[in-house]
Structures are given as C-alpha cells and as structure tokens.
Amino acid sequence: MNLKNLGIREWLVVIFIALGLVALAIEDRFKPAILEANGSAEGFNGDVALDVKAYKKSNGEIRVTEINVVHEDTEEIAGPAISKLKDHILSTQRFDLDMVAGASYTSEAFIDAFDQAIEQIKSM
C-alpha cells in the first residue's frame, strides 16, 4: 500500500493514532506530583497510622487520592468507622470530619493522624 493511495478514512485513522501517541507523551509531563505524608495518633487499643497520598492543584487546593490505614483497634468497631471517614474524605474532598458514633477513640485518632498528614502536605 502506498501513502498516496490512502483514502480519507485511512488518513484520519493515522492522524488520530499520531495524536493519541503525542497525548500520551505529553500527559506525564503535566501530571501533578503525588505527595505522600503520614500521621499517627493513639486510638482505643493502640496507634492509628495513616499514609495519605495527595496532590496540590495550581490554586493550592489539596486533593487526596489515597488513604491507607493501619490500626490496632477492634476491627468490628473501628473498621466501619475508618471506612466511613475515608469514604467521606475521598468522595467530598472536605477535611472537616465528625467523629463516628460508637467509635469515638478511633475516630478522634483518625482525625488527628489525618490532620498531621495534611499539614505535612501543605508544607511541601
């Protein structure tokens, strides 16, 4: 097949493939840097430790992308509370957290540890 013999559809396919490859090459250059910070606080049975990954937008706003939690509290009580707090942060991107009823020690530790991590990210 000769390039001169390509029809309009074939040229469009070639152009779209080339644009896609250029977009992939440029995408990594403009992707925001993921910042990682951690915090820990005393829960009911031991420490609640968080590893928070986030990035800063150009206006300084922090967007949390991932929260990993390790805790020593009772899983049946602490697990749902931690899930609820994580889901609230990730879905709303709001950091004003309320304690979860029935797991106040774990909730307070999570909030304190999260605040520590966010302060670290703000200072980066």
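Begin by selecting Leu50, which touches Ala37, Asn38, Gly39, Ile67, Asn68, Val69, Phe110, Ala113 and Phe114 once residues up to four places away in sequence are set aside; contact here means heavy atoms within 4.5 Å. The model on the screen is predicted, so local features need pLDDT of at least 70 and side-chain atom pairs count only at pLDDT 80 or more, while totals for chains, interfaces and linings use all residues. Residues are numbered from 1 along each chain as its sequence is written, and side-chain values use heavy atoms, with hydrogens and water left out.

**The core around Leu50**

Now widen the selection to the largest nonpolar core, which has 26 residues, and in which Leu50, Val64, Phe110 and Phe114 have the most contacts. Such a core is a set of buried Ala, Val, Leu, Ile, Met, Phe, Trp, Tyr and Cys residues joined through side-chain atoms within 4.5 Å, where buried means under 20% relative accessible area, exposed means over 50%, and partly exposed lies in between (1.4 Å probe, protein chains only). Colour by secondary structure, and strand 1 (35-42), strand 2 (47-56), strand 3 (62-71), helix 2 (75-92) and helix 3 (104-123) will each be found to supply at least two residues of this core; helices (H or I, at least four residues) and strands (E, at least two) are DSSP runs, numbered from the N terminus. Helix 3 gives the largest share, eight residues. In soluble globular proteins, nonpolar side chains tend to be buried together.

**Helix 3**

Select helix 3 next: its 20 residues reach 29 Å from the first C-alpha to the last, close to the 28 Å expected at 1.5 Å a residue, the expected span being 1.5 Å times one less than the number of residues. The buried residues of this helix are Thr106, Ser107, Ala109, Phe110, Ile111, Ala113, Phe114, Ala117, Ile118 and Ile121, and they pack against strand 1, strand 2, strand 3 and helix 2.

Because Lys122 and Glu119 are three residues apart in helix 3, about one helical turn separates them. Glu119 is partly exposed, with a relative accessible area of 46%.

Lys57 is partly exposed at a relative accessible area of 36%, as is Glu61 at 31%, and Arg63 is partly exposed at 27%. The count of salt bridges by this rule comes to four.

**Asp73, a charge without a partner**

Select Asp73 in the loop between strand 3 and helix 2. What is the nearest side chain of opposite charge to this residue? It is Lys86, 14 Å away, and Asp73 is buried yet has no salt bridge; for charge, Lys and Arg count as positive and Asp and Glu as negative, with His and the chain ends not counted. A polar atom of the Asp73 side chain does, however, lie 3.0 Å from the backbone nitrogen of Phe44. Leaving out residues up to four places away in sequence, Asp73 touches Gly43, Phe44, Asn45, Gly46, Val48, Ala78 and Thr106.

Beyond its neighbours within four places in sequence, Gln93 is in contact with Ile62, Arg63, Val64 and His88.

Asp98, found in the loop between helix 2 and helix 3, is exposed, with a relative accessible area of 65%, although it touches Leu85 and Ile111, not counting residues up to four places away in sequence. Ala101 lies in the loop between helix 2 and helix 3 and is exposed at 76% relative accessible area; a distance label drawn from its C-alpha atom to that of Leu35, 66 residues apart along the chain, will span 31 Å.

Note on methods: A polar contact is a pair of N or O atoms within 3.5 Å; within protein, one must be able to donate a hydrogen and the other to accept it, and residues adjacent in sequence count only if both atoms are side-chain atoms.
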